[in-house]
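Here's a quick briefing to keep open while you look through the model. Have the sequence and the viewer side by side.

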Amino acid sequence: MQPSYRSLFRLVVPLLLLSSLLWAAVLFAEPPTPPPYYAIQNVRVVSGAGAPVEGATVLIADGLIEAVGKNIKIPGDARVIDGQGLSLYPGLIDAMTTLAQKQAAESSASGERSRAPAVMGPEDRPATTPWVNPTEQLVEDAKIEKWRKAGFAAAVTAPEKGIFSGQAALIDLVDKPDRQAVVSTTVAQRVNFTGEGELRSFPGSLMGVFAYIKQVFLDADNYSRVKATYTKDPRGRVRPEYDRTLEPIETAVLDKTPWLLPANLGREIDRVVTMQRELGVPVILYGGQGAYDRAEALRTAKIPVLVNLNWPKEEKNRDPDAETPLRTLAHRRMAPTTPAVLAAEKVPFAFYSGGLATTAEVFESVRAAVDNGLSNEAALAALTSNPASILGVANRLGTIEKGKIANLVLASDWPWAEGAEVRATFVNGRMYQERKSDEPTEAPKSDVSGTWTLSMQTTRGARELKADITMAKDGKVTGKVTGERGEYTVEDGRMSGDQLRFKTTRETTTSSWTLNVDGEKLAGTMSSGSTTMDITGTRTSKADASTAAGDKNKKKDDVPLTELRAALAQYQGPAKKMGTFAITNAQIWTMAGPTIEKGTVIVSNGKIRAVGSDIKIPSGAEVIDAKGGAVIPGIIDCHSHIAVEGGVNEGTLAVTSMVRIGDVINPDDVAIYRALAGGVTSANLLHGSANPIGGQNQVIKLRWGADAERLKFVDAPPGIKFALGENPKRSNFNASANGVPARYPATRMGVMDVIREAFTAARDYQRSWADYKKGARNGIKPTLPRRDLEMEALVEILEGQRLVHSHCYRADEIVQLLELADEFGFKVQTLQHVLEGYKIADEIAEHGAGASTFSDWWGYKVEAFEAIPHNAALMTERGVIVSINSDSGEEMRHLNQEAAKAVKWGGMTEMDALKLVTINPAKQLRIDKRVGSIEVGKDADLVLYNGNPLAISSVVLKTWIDGDLYFDQETDHVRQGAVIAMKERMAGKGKEKKADDKVGSGSSLSAPSPEVRWADSPYSCSEGDE
Amino acid sequence: MKTIRFATFAAAFLMASSALAAETLVIDGATVHPVTKNPFVGRVVIANGIITAVGADVSIPPDAQRIDARGFHVYPGMFDAFSSLGLVEVDAVSATSDHTEMGMYNPHLTAASAIHPSSEVIPVTRANGITHAIVAPRAGRDGVISGQATLINLDGWTVDEMAVVPSVALVIDWPGIVTRRYDPVTFSFKDTPYNDAKEAAEKEQNELREWFDAARHYRQAEAVKDTRAHRDQKLAALSLCLEGKKPVIIVAETKRDIEAAVAFAEDYKLNMILAGAADAWRVKDLLAKKNIPVILRRTQSLPREDDDSYDQPYATPAQLQAAGVRIAFASSAGSGGGAPSGPHGSRTVPYEAEQATGFGLSEDDALRAVTLWPAEIFGVADKLGSIEAGKIANVIVTDGSPLAIESQIRHIIIAGREVELGNKHASLYEKYRARPHREPSGAVGARR
């Protein structure tokens, strides 16, 4: 034992590390170094590694647990701590924080941001710093002491900014984190699904982030292989470039380091599961609050979860009239049930504090999980042994076992239990004792519980605050203070005599409140740093014990989860699963022959089995009497942007063929249900028109209630969006005025050049692979080419494997594109919008492109000024396969009417007009073997109207997809009523309001998690010009 | 039938009809839909721009030009109750837009001073049976009083010829509490904290009240002989709207904003017309009680809230009508995520009306809401809105209901003159339909 040496060492290390300016502070702040031997006796050990042991002894020596058990001899040099009446738990682990990190200097103004060079592609490695590790520069953090006081002994700290933000390290919670504090430098690599956003810099969309992440992993793989080949046999090989970014990623992949990927809502979790399958690396999901209905998928994929304890709540300073969607309300209610569900489904999970400011809030959140069915034992595991095993340090941390690091917490109860007192926290074998405040305390003279209105005198006048306070018998005070800026938790609150003292924290500033209570009034001060403000207050309501208990009971009276789930299923899901059924007495527009009057359609197992006027109905089939209404094939929208999350444009670059709409489908978009109510059953979800070559499209069936993968129209061939004219050349948007760097092209010449250049590069890319396969040439051995997702999509076009859907307006640019396609030997599958197609219908027909146009939109920009509503009819006359599309979640609801306009303008027959939204778009998307007409063997995607399907006054009564009823006008009001009733019940606790009275500011679907938040992109539907 | 056009340079505002059309017309043999009473087969006689006789067998003046309309229907020309016709040619090109002036309070500006009579959009619109329209200026992002709307006929060589009422109503964009706004700079929705949004709205609402207070004061001062008050265009314009003298269109969408606007209008005894009004269905009883008519946003809109019924916008017109609220359809009082805004959507106003018929509105009421009711709302039912003797002869001859897509318009008569059906779209159609067929050979574009 050489305490003097150790002290010296502790002084020298900081000396070497810190600047001389800090030297004095380090010197004076140095605490004593007691001998590192402790014995805790007569304690109840709740180890997490077995049943609790009563009356046990735990020995600690040199930072480790030396012994655990009964009848253990206490060494003479150990400080003995009596644990009578107390329990000893493993030290708690906060599984993700930003503790002890140096705050990156905030680039204060966006001006700074705009001066930084824009990212022009994945090769620029945007927001990618996988080499950053917080342990390289740990700093003091006032939050550490607060966390430790509550029983936290260790925490993961991970950089939070960027896509590949850096490495997550596990540290012990000591005041001055030094080398000893580092338990593990790299427990994981953290990834966020955020980027620069908007148009400034790649990636500017969620799908762009996904494509980028995949490209980086491909690059790391290539890097690894090329390097290995070179190292083995460098002669005759070009030396691979060093890549700072790929080095740590390669290392992580080789070491099987887990990747922290963010997801909260169910659909986000699905994306992570898919991504894990594609990347093939170990994944830890963080966020995880919506895992209550994804537990099975997570278990199957073997993805552990770090659950964010910052449960979703109503935002502060929210518009009181704004309506909250049922999905959001339900998510708030169900998020705290996630831990119990994960525990039951045996998905490993751990808790993290998720930015909560105080441990009181962290523990309140743990209690919420316990109230929702999680056992205290499982909660303990989620704070100790689970994080240890998920993070690969279970051999060192997480339980109270001999030889493990002595991270322990001595407490009167589960540390999160109400009224629990943490007496001591051991970190790395060192005891941090919780001392009682040195303020003299006396018994409270009165009960301050209740709601107080406080008035604070600031330099800008009086500000009003509200304090909700509950006092325990011993004078301990808890509660909340609410002001304009938000809500603060009362910390270290105590009523002593007639003086009420507590603290609140806002960001990093702690305020101390000292208030003298006189009956229903109080007066005093609030000090925050060097400023002190006067406070006066009056009690507006007294909360006595009985109402407090009443509140609790009321909480338990929450809407039963089974009922809530039932309401959600009714809200989002097929109206009715169907067996074999027959639609009789219908006018059937088959699109494959003459219309059948008084006909019958038989459907079973999702397929059309029979169609005709004299059809025998199979026994047991449900009969639906159409009462003379019209049955048509499900409407197909060849151009839509609904159900896409995180931006429909990756508009930052001129060519973004690597991004995929299929990665970011939002199955929770209510636009799906609304489109079903307009008879739409399939839709082509396209990337936007911000660039000459945009992203990959995704054809879906509108199976409302299915997850993203099950929305996909599996047999639809893949495609891609191109765009010509004003949008890709950014004519109607002042880029420089909006701080967006100029982007080539700015003319139609440039647009065509970008496309030609891209295909020229794609041919080179094709050749580089062919050359590689040929082997050495003139003694130079070829390097393994890099897989390039952007190029791969273009090569697929050249090989006829990917369909081009090109946004276009003017006749001349259309001809230009068709010529270019001829030059490179591919076909343009559809021309989208093609508003001047009527001028060059022969050329389009000769090329064989389809045309998908608007019915009668015109004049909103110059290239739409010669648009005419006769376009569809005129192109059809000249032999072009034409469809009418919506490009809008609204227009989508009445595509039948839009088709009818071709009867009026251009004189098409009703039959031909209806083909514009059924069999023709099916042909254009090459899904006509499955859908688009009512023929035996095709998918039972059907719509029933109460009259002529081309008349505005006709209403969609029913919509079936794959033989299941997805929209039913007859029962829609029941569904709607259930939604409203459930919302009223859920809102009932707070505001007694009828849903009928509520108005709002268009709050959208359940908001995505902050790590996955995206602005709406330009050239989206709102411009109406996709 | 040959269309005869008279270039009329005579004073335009005589009788408030646009022109002195020295033409006598009779539409003969059609089913006449007067709107004010049941349809019948008969005649409509038009002289000097005015309907002079309507009946089963009214006599035909000797000099009348006869339109044989047997088997066809005659309807009043349709009324777009809120448009930007003539103020905007191409939305994306600001040089072609005179729709939104800078500044927050512009009560003195009048649409009539910027309407472009030769806008290509006007003939396209009337070809679908729209014969007259309200043309309304709109306020910019923070604007409140947009200016004065003009009622025009969709025909005329000059604005004077077109204008039926040059200043028909004042337009106010209600300064509501907006907590979420689309930011065109970042292409994203920006949220404003509620308290800030409320403060901003209250400030603007107070300013608006100050403008009306000032207008009252100004009127009082101006009435005094030898007044010391200086002429003030803005206050003079505003003072004409006090005590219901001139209608005031207030554009407001949410329940909260509508209620606030109604309270404001009541305080100043305004003849309020509510426009936009997505939430009108939530306050229909209030609107009925206060006798406030509504110019509807597009029926083909998306529901405002995620959890609203899918068909709420379709059902709103019928719900208002059933509650006793006067309604009128319009192209530009608000759109809901579908067709691009701007004047180009004026021609589809009849379809907005027809859309409501699938959801509870009767065909007759749908027709009234694009003919008679907007005329009543704007106080011009003595001149427009039905086929009755004495009214301006804005009528259309069709082969079916003008609200149905499949119906074709055969004749359009505006202010007593038959107007050509031809327009930019029809010309382009004819031109390119006549393009000789290419024989398919060689690469695309190799020739030409």
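Predicted model: local features only at pLDDT ≥ 70, side-chain atom pairs only at ≥ 80, totals over all residues.

Residues are numbered from 1 along each chain as its sequence is written, while chains are lettered from A and ligands numbered from 1 in the order in which they are written.

**Confidence**

- Chain A has an average pLDDT of 89, and 89% of its residues score at least 70; pLDDT is the predictor's confidence in each residue, from 0 to 100.
- Residues 545–554 of chain A sit below 50, and this stretch has three contacts in the model beyond near neighbours in sequence. Two residues are in contact if their C-beta atoms, placed from the backbone, lie within 7 Å.
- Residues 989–1026 of chain A also stay under 50 in pLDDT, and for them the model has 125 contacts beyond four places in sequence.

**Make-up of chain A**

- The secondary structure of chain A comes to 26 helices and 42 strands; helices (H or I, at least four residues) and strands (E, at least two) are DSSP runs, numbered from the N terminus.
- Of the 1026 residues in chain A, 53% are buried. Buried means 20 or more other C-beta atoms within 10 Å of the residue's own, exposed means 12 or fewer, and partly exposed is in between, with C-beta atoms placed from the backbone.
- Among contacts in chain A with a separation of 6 or more, 68% are between residues 24 or more positions apart.

**Where the chains meet**

- Chain A puts 71 residues into the contact and chain B puts in 57.
- On the chain B side, strand 11 (188–191), helix 3 (194–223), helix 5 (255–267), helix 8 (349–355) and helix 11 (424–433) each supply at least two residues.
- Helix 11 of chain B gives the largest share of that side, with five residues.
- By class, the side of chain B that touches chain A has 22 nonpolar, 21 polar and 14 charged residues. Here Ala, Val, Leu, Ile, Met, Phe, Trp, Tyr, Cys and Pro count as nonpolar, Asp, Glu, Lys and Arg as charged, and the others, Gly among them, as polar.

**A helix pair in chain A**

- Helix 18 and helix 19 (residues 789–798) of chain A pack at about 95°, with their axes 9 Å apart. They are therefore roughly perpendicular to each other, a label for angles of 65 to 115 degrees.
- Residues of helix 18 including A:Phe759 and A:Tyr765 meet residues of helix 19 including A:Met791 and A:Leu794.
- This helix contact has nine nonpolar, one polar and no charged residues.

- Most residues other than glycine have a negative phi, and most peptide bonds are trans.
- The A:Phe202 to A:Pro203 peptide bond is cis, with omega near -5°, and A:Pro203 is in the loop between strand 9 (182–191) and helix 5 (206–232) of chain A.
- The A:Tyr744 to A:Pro745 bond is cis too, with omega near 5°; A:Pro745 lies in the loop between strand 35 (719–723) and helix 18 (748–774) of chain A.
- A:Asn71 is not a glycine but has a positive phi of about 55°, and with 7 C-beta neighbours inside 10 Å it counts as exposed.
- B:Ala415 has a positive phi of about 50°, and its 29 C-beta neighbours inside 10 Å make it buried.

Conventions. Axes fitted to C-alpha atoms, helices over the stretch in contact; angles between N-to-C directions. Parallel < 35°, antiparallel > 145°, perpendicular 65-115°, else oblique.
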